Amino acid sequence: MEWIDLRSDTVTKPTKPMLEAMWQAPVGDDVFGEDPTVNKLEETAANMFGMEAGIFCPSGTMTNQIAIKMHTQPGDEVICDELSHVYQYEGGGIAFNSGASVRLLQGNRGRVTVAQVAEGINNRDDIHKAVSSLVVLENTSNRGGGSCYELAEIEAIKNLCKTNGLILHLDGARLFNALVEKQQQAADFGRLFDSISICLSKGLGTPVGSLLLGTKEKIKKARRIRKAFGGGMRQAGIIAAAGLYALEHHVNRLATDHIHAKLIEAALLSNPKVETVLPVETNIVIFKIKDDVNPEQLVLQLKEKGILCFTMGKQQIRFVLHLDVSEAMVQRTVELLQKI
Ligand SMILES: *Cc1c(COP(=O)(O)O)cnc(C)c1O
């Protein structure tokens, strides 16, 4: 049986032309700064966003954690949504790596408003309070079901941060999904954020790797932190080549995943077992099933029919679309969801 793997967009395998690009890549020792393919990837990504510099890292968790480390001092407070990856899924890294505390905001599907951020900032003159120094936004929001920010909201949050001396970091693991869907410009994000983390191994379909973008000065600091975190890689050009290939060939095709996600959303909405579906905006579909349906059993039932997925929170199941899910597979999924 051919599996339809909707567990995550991290499960993709490199395509033949991507493997060919990896095979051809000139390499060197990246800890010495001598890997031409890594250097090219870092420059290419930074240029796309109009940012000064970039650094290639093994994972999105590492790029986020390096950003938090370089922007904070121990005892500082990081402001983010309660659903955010940096808080939920990075192993307590904010405390572990940076000794920082967290102020959680209750946003709307993972997105926070400027008013909420304003309320989360501690009074700097009150010695009882931790120093609020960093705001982390996530776009698209994973736990929010792939929801996207409006640029105007980010702009307002940026102005608030500037006025109050806070730094603004973007967990843009799936930023390209948002750019493609909302037809927004990469340079606008580069202008608004002090640092941006981007995953190449999600919808872009590379086997491994993430990028952290920022100013020359910050990325120089990030290189030291990456080394200390054990993330300095050697002939990493082999995997960076996959990233360069993906930035050129796998960005616009994300729109296809979004169409597929919409088709699945429609099928779910007509299924009597389904209570609600989070409005689908990009490649993630999170739905809530009725109270009398057992989510683990439903996941097993789907598995017997060849569909792999995960539960996510109470009575919720998540599907993620990606480049290894074909139109035919989506069709099969839709047909099955109408019957199950
Ligand atoms: C996947 C993901 C990351 C990084 O994950 P890694 O598995 O460490 O690469 C960061 N933020 C969000 C929102 C993600 O979905």
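User: How does α2 pass α11, in a left-handed or a right-handed crossing?

Analyst: A crossing is left-handed if the near helix is turned anticlockwise from the far one by less than a right angle, and right-handed if clockwise. Here α2 passes α11 in a left-handed crossing. Helices (H or I, at least four residues) and strands (E, at least two) are DSSP runs, numbered from the N terminus. This is a predicted model, where local features need pLDDT of at least 70 and side-chain atom pairs count only at pLDDT 80 or more, while totals for chains, interfaces and linings use all residues. Residues are numbered from 1 along each chain as its sequence is written, and side-chain values use heavy atoms, with hydrogens and water left out.

User: At what angle do helix α2 and helix α11 pack?

Analyst: Two packed helices are described by the angle between their axes and the distance between the axes. Axes are lines fitted to C-alpha atoms, for helices over the stretch in contact, and angles run from 0 to 180 degrees between N-to-C directions. For α2 (residues 36-48) and α11 (residues 237-249), the angle is about 30° and the axes are 8 Å apart. Angles under 35 degrees count as roughly parallel, over 145 as roughly antiparallel, 65 to 115 as roughly perpendicular and the rest as oblique. So α2 and α11 are roughly parallel to each other.

User: How do helix α1 and α11 pack?

Analyst: Helix α1 (residues 16-24) packs with α11 at an angle of about 135°, with the axes 8 Å apart. That makes α1 oblique to α11, and their crossing is right-handed.

User: Which residues in α1 meet α11?

Analyst: Contact means heavy atoms within 4.5 Å. Pro17, Met18, Ala21 and Met22 in α1 meet residues of α11 including Ile239 and Tyr245.

User: Which peptide bond is cis, and what is phi of glutamine 315?

Analyst: Good things to look for! Most residues other than glycine have a negative phi, and most peptide bonds are trans. The bond from asparagine 139 to threonine 140 is cis, with omega near -5°. Threonine 140 lies in the loop between β5 (132-138) and α7 (151-164). Glutamine 315 has a positive phi, near 60°, and is found in the loop between β12 (310-311) and β13 (316-320).
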